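Thank you all for coming; I would like to take a few minutes to walk through one structure with you. Please have a look at the sequence and the model first, and then we can go through some of the details together.

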Amino acid sequence: MHQAAEYLKTTTQHVLKNGTRATTELQGKHVLVLGGGDTGNDCIGTVIRQGAAGITQLEINPALPDERTAQNQWPEWPMVKKHGYGQLEAQSLFGDVTSYSATATQVFGKNGHVTAAEISEVGPDFKPIKGTEKRINVDLILLAMGFTGAEQWLFDAFNITECHDDYTTNDSQIYVAGDCRRGPNLVIWGVYEGRTCAEKVDASLKMASVAVD
Ligand SMILES: Cc1cc2nc3c(=O)[nH]c(=O)nc-3n(C[C@H](O)[C@H](O)[C@H](O)COP(=O)(O)OP(=O)(O)OC[C@H]3O[C@@H](n4cnc5c(N)ncnc54)[C@H](O)[C@@H]3O)c2cc1C
């Protein structure tokens, strides 16, 4: 059982070092991916490149509709079912691998290795529905869920107690932007916040230099 981010990092480091994308270490193995977001999708794409023989992905939230609903028109964020590159690749190899409103309730192992998992449907309260449990054989479980925010230790190290919407903090010399400020988000927000925060720092430095002159 591995944290997805660690697994993806190690795999990427291996690719960068050895310059090869396809490996065989998951040949014949079945992988369970817990979490249906972008990270879960990256895990699926990666285990396929490592030769996985089968994949099960579980997303605890219900499936979103395939098309926008009347209540969810542009320019609102599209609340539609995602079909990431990993899921599409998996579909072409194994059929639909993703189950919604579902989670794992038990993990079984032998000699320190995962051998099986009990999976179950969940209700609107995310609690497992009795009678829907199913046991599947798995060789690897990737935990691709539960990113909840920036790591507190970094803020503590710099005595940051307040982060404001304009990127300033309680320390006038420290600014915070991107995932560090918002919690796990999207590249587009990282780019936007990085740029606007830099403008804010630039303006502040110019004001300071005018004050010195
Ligand atoms: C597995 C995964 C899949 C994702 N998929 C998508 C996707 O498909 N689409 C999408 O839009 N977004 C995706 N995201 C989210 C996206 O990657 C982030 O929202 C984005 O990278 C945030 O940008 P950032 O600059 O705020 O932070 P980061 O990109 O995390 O950059 C922070 C940098 O700071 C460095 N750093 C950390 N601590 C220190 C320190 N003390 N001193 C100096 N440097 C430090 C880190 O090494 C890192 O390089 C994904 C994220 C993950 C983890």
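This is a predicted model: local features need pLDDT of at least 70, side-chain atom pairs count only at pLDDT 80 or more; totals for chains, interfaces and linings use all residues.

For V187, a polar backbone atom is 2.8 Å from an oxygen atom of the ligand, while for N185 a backbone N or O atom lies 3.0 Å from a ligand oxygen, and for L186 the distance from a polar backbone atom to an oxygen of the ligand is 3.4 Å. As for how covered the ligand is, it would expose 1000 Å² if taken alone, and the protein buries 40% of that area.

Staying with helix α2 for a moment, I would point you to N41, which is found in that helix. Is N41 buried or exposed? N41 counts as buried, because its relative accessibility is 6% and the cut-off for buried is under 20%. The side chain of N41 reaches the backbone nitrogen of Q87, at a distance of 3.0 Å.

With a relative accessible area of 53%, W77 is exposed, since exposed means over 50%. Together with L64 and M79, W77 forms a nonpolar patch on the surface, and the accessible area of these residues together is about 320 Å².

Finally, a word on F108, whose place is in strand β5, residues 102-110. F108 has a relative accessible area of 23% and is therefore partly exposed, as that value falls between the 20% limit for buried and the 50% limit for exposed. How far apart are F108 and W189, in sequence and in space? They are separated by 81 residues in sequence, and their C-alpha atoms are 40 Å apart in space.

Key: Residues are numbered from 1 along each chain as its sequence is written. Side-chain values use heavy atoms; hydrogens and water are left out. Patches are made of residues with over 30% relative accessible area and no salt bridge: like charges are joined within 9 Å, nonpolar side chains (Val, Leu, Ile, Met, Phe, Trp, Tyr) within 5 Å. Accessible areas come from the Shrake-Rupley method with a 1.4 Å probe; for residues, only the protein chains shown count as cover. A salt bridge is a side-chain nitrogen of Lys or Arg within 4 Å of a carboxyl oxygen of Asp or Glu. Buried means under 20% relative accessible area, exposed over 50%, partly exposed in between (1.4 Å probe, protein chains only). A polar contact is a pair of N or O atoms within 3.5 Å; within protein, one must be able to donate a hydrogen and the other to accept it, and residues adjacent in sequence count only if both atoms are side-chain atoms. Helices (H or I, at least four residues) and strands (E, at least two) are DSSP runs, numbered from the N terminus.
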